[in-house]
Amino acid sequence: MAERDRARGLMPLFALWSAPRARSTAFFRSMLERGDLLALHEPFCNVMDHGETDVDGRRVTSTSELRGRLLDLASDRAVFFKDTTDRRHESVLADDRFLSEVRHAFLIRAPEEVAASFFAVRGPDMRCEEIGIEALHELHGAVRDAGGHPPVVVDSDDLVGDAAGTVAAFCAAIGLPYLPEALSWDAEDRSEWRRTAEWHADVSASTGFRQDASRYDVSVETSDELAAWASHHRPFYDALRAERLRIS
């Protein structure tokens, strides 16, 4: 696939799809720190939640326009975006070209941890599907079946346990040079996530990948509802985890 892309004059378009609360914004922050990518934060969620997103200085107002814009930009520069699967991305699932031409990676976290962390921000309006791992698994299967670049799965526990080894393995698998200097950054609130700042307070204060030290009043240990929801997503997590990158 890489040889075919070079023959067609295409630069890589990298996607990181993540369950919510799986440290994906820290991953995005590392990709932004590299300096060799146009890095976009949750453009699909922005369109669906807010009706528009900014893509390299241009306002985009639909997911079909967004997919085309991303592919067009990749004609002459490397582009990276991350997005979350607290909803199904039906427009992506229906687009064979986008599924096959983009280099897709998937970031997972145990559903019990996602459930507790998500509830702490979302509160009682939270729904089972927003844990997002079932939708992540569906999208992973669609990418695999599209026959393009093989999907890459990263476990966020590996990311905080061995950031250097995990990011190096990710870069090797997806076709990026490994830049160890991008494993750390300055703590700052970024304009990319200002609309949803309450979800990204931890990474705004961070300077690198780190373990989540939070303790939650509502968790699968204290809530039968969260426990049932996490149990629903557990088989999808286990299936994805079986495909994860092995860190040497």
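Q: Strands here are DSSP runs (E) of at least two residues, numbered from the N terminus; which strand does F106 lie in?
A: In this predicted model, F106 lies in strand 6, which covers residues 103-108.

Q: Buried or exposed, that F106?
A: Buried, because its relative accessible area is 0%, and the cut-off for buried is under 20%.

Q: What does F106 touch, leaving out residues up to four places away in sequence?
A: F106 touches L16 and W17, then L136, L139, H140 and V143, and finally P151, V152, V153 and V154. Of these, L136 and H140 also take part in the contact that helix 8 makes with helix 12.

Q: And how far is F106 from P151, in sequence and in space?
A: The two residues are 45 positions apart in sequence, while their C-alpha atoms lie 7.4 Å apart in space.

Q: Where does R97 sit, and how accessible is it?
A: R97 belongs to helix 6, residues 96-101, and with a relative accessibility of 43% it counts as partly exposed.

Q: Stepping back, how many helices and strands are in the chain?
A: The chain has 12 helices and 7 strands. Of its 248 residues, 53% count as buried, and among contacts with a separation of 6 or more, 76% are between residues 24 or more positions apart.

Q: Okay, helix packing. How do helix 8 and helix 12 cross?
A: Helix 8 (residues 133-146) and helix 12 (residues 224-241) have axes that come within 8 Å and cross at roughly 40°, and the crossing is left-handed.

Q: Which residues meet there?
A: On the helix 8 side they are I133, E134, L136, H137 and H140, and on the helix 12 side they are H232, H233, F236, Y237, A239 and L240. Sorted by class, this contact has 6 nonpolar, 4 polar and 1 charged residues.

Q: What about helix 7 against helix 12, at what angle do they pack?
A: Helix 7, residues 111-122, packs on helix 12 at an angle of about 135°, with the axes 8 Å apart. The two helices are therefore oblique to each other, given that roughly antiparallel would need an angle over 145 degrees. Their crossing is right-handed.

Q: Which residues make that one?
A: P111, E112, A115, A116 and F119 of helix 7 meet L226, A230, H233, R234 and Y237 of helix 12, and these residues divide into 7 nonpolar, 1 polar and 2 charged. H233 and Y237 of helix 12 are also listed in the contact with helix 8.

Q: Now helices 3 and 4: at what angle do they cross?
A: The axes of helix 3 (residues 43-50) and helix 4 (residues 63-73) come within 10 Å and cross at roughly 160°, so these two helices are roughly antiparallel to each other. The crossing is right-handed. Helix 3 contributes P43, F44, V47 and M48 to the contact, and helix 4 contributes T63, L66, R67 and L70; by class there are 6 nonpolar, 1 polar and 1 charged residues.

Q: Which residues of helix 3 are buried?
A: The buried residues of helix 3 are P43, F44, C45, N46 and V47. Just after that helix, G51 takes a positive phi of about 85°.

Note on methods:
Residues are numbered from 1 along each chain as its sequence is written. This is a predicted model: local features need pLDDT of at least 70, side-chain atom pairs count only at pLDDT 80 or more; totals for chains, interfaces and linings use all residues. Side-chain values use heavy atoms; hydrogens and water are left out. Axes are lines fitted to C-alpha atoms, for helices over the stretch in contact, and angles run from 0 to 180 degrees between N-to-C directions. Helices (H or I, at least four residues) and strands (E, at least two) are DSSP runs, numbered from the N terminus. Angles under 35 degrees count as roughly parallel, over 145 as roughly antiparallel, 65 to 115 as roughly perpendicular and the rest as oblique. A crossing is left-handed if the near helix is turned anticlockwise from the far one by less than a right angle, and right-handed if clockwise. Contact means heavy atoms within 4.5 Å. Ala, Val, Leu, Ile, Met, Phe, Trp, Tyr, Cys and Pro count as nonpolar, Asp, Glu, Lys and Arg as charged, and the others, Gly among them, as polar. Buried means under 20% relative accessible area, exposed over 50%, partly exposed in between (1.4 Å probe, protein chains only).
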